[in-house]
Amino acid sequence: MKEKEIIIAAKVMSVVFTPFYLPLVALVGMLTFSYLNMLPWTYKLFLLLMVYLFTIFIPTLLIRVYRHYQGWSLIELGNRERRMIPYIISIVSYLMCYYFMALTHVPHFMGSILIAALVIQIACALVNLFFKVSTHMAAIGGVAGALVAFAFIFGFNPVWWLCVVILLGGVVGTSRMILRQHSLHEVVFGFLLGTLCAFVSVLLC
């Protein structure tokens, strides 16, 4: 595969597995593969739309507006010193999502997905004050941590799902390094940070 094609593939993986999509994907999995699939489709659609609005649409739009206002490219926005405002936008958006989920009496353990994602965002923002960390990998690590925590809670074997998540994590982490957005240290630390934050958050919630 030529270098240009490798870079294009890395960009596609970075976009497809952007951190903002993972809370929605986790909720879809929960509504599909657990007893929650018996909920009315109108209620499931309402939940998915709410999560999409506050964890994907609003933060993506606001960060894009902020980036264009500053005149930065995506790569320039990736500089550690310029990542704090996007982190704040994400954290506030996730807080609003959790607030509306609580307001509409969404089952608490479903809200734990948002809590885990919020804790990961806050942890990454705090770490970013000192050194750069991969938010993409923190999000995928969050899926792994939440998966193990839910396996403890509901008593199922998560091995095959973990294999898929770890494989995807390897592909995404490699993509971030190919694009020169992160080093190996930042990728590995991001995954471990996300795993720990999500595992503890889900269990304590």
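Visitor: Where is R83 found?
Guide: In this predicted model, R83 is found in the loop that runs between helix α4, residues 74-77, and helix α5, residues 84-103.

Visitor: Which side chain does R83 make a polar contact with?
Guide: The side chain of R83 is joined to that of Y87 by a polar contact of 2.9 Å.

Visitor: Leaving aside the neighbours within four places, what is R83 in contact with?
Guide: With those sequence neighbours set aside, R83 is in contact with L77, G78, N128, K132, V133, T135 and H182.

Visitor: How many salt bridges does the structure hold?
Guide: The structure holds one salt bridge, and R80 forms a salt bridge with E81, where the closest N and O atoms are 3.6 Å apart.

Visitor: Is E81 buried or exposed?
Guide: E81 is exposed, because its relative accessible area is 62%, whereas R80 counts as partly exposed because its relative accessibility is 26%.

Visitor: Changing topic, which residues make the nonpolar surface patch?
Guide: The patch, of about 1000 Å², is made by F33, Y35, M38, F152, I153, F154, F156, W161 and L203. Helix α7, residues 135-154, supplies the largest share of that patch, with three residues.

Visitor: Where is F156, then?
Guide: F156 is found in the loop between α7 and α8, the latter covering residues 159-178, and F156 counts as partly exposed because its relative accessible area is 34%.

Visitor: And W161, where does that lie, and what does W161 touch?
Guide: W161 lies in helix α8 and, not counting residues up to four places away in sequence, touches F33 and L147.

Visitor: How far apart are the C-alpha atoms of A139 and A198?
Guide: They are separated by 9.0 Å, while the two residues are 59 residues apart along the chain.

Visitor: What about Y69 and L204, C-alpha to C-alpha?
Guide: The C-alpha atoms of Y69 and L204 are separated by 40 Å, and these residues are 135 residues apart along the chain. Y69 lies in helix α3, residues 41-70, and is exposed because its relative accessible area is 69%.

Visitor: Now backbone angles: what is the phi of H105?
Guide: H105 has a positive phi of about 60°, although H105 is not a glycine. H105 lies in the loop between α5 and α6, where α6 covers residues 108-128, and counts as exposed because its relative accessibility is 68%.

Visitor: And the phi of R180, what is that?
Guide: R180, which is not a glycine either, has a positive phi of about 60°. R180 lies in the loop between α8 and α9, with α9 covering residues 184-204, and is exposed because its relative accessible area is 77%.

Definitions and conventions:
Residues are numbered from 1 along each chain as its sequence is written. This is a predicted model: local features need pLDDT of at least 70, side-chain atom pairs count only at pLDDT 80 or more; totals for chains, interfaces and linings use all residues. Side-chain values use heavy atoms; hydrogens and water are left out. Helices (H or I, at least four residues) and strands (E, at least two) are DSSP runs, numbered from the N terminus. A polar contact is a pair of N or O atoms within 3.5 Å; within protein, one must be able to donate a hydrogen and the other to accept it, and residues adjacent in sequence count only if both atoms are side-chain atoms. Contact means heavy atoms within 4.5 Å. A salt bridge is a side-chain nitrogen of Lys or Arg within 4 Å of a carboxyl oxygen of Asp or Glu. Buried means under 20% relative accessible area, exposed over 50%, partly exposed in between (1.4 Å probe, protein chains only). Patches are made of residues with over 30% relative accessible area and no salt bridge: like charges are joined within 9 Å, nonpolar side chains (Val, Leu, Ile, Met, Phe, Trp, Tyr) within 5 Å. Accessible areas come from the Shrake-Rupley method with a 1.4 Å probe; for residues, only the protein chains shown count as cover.
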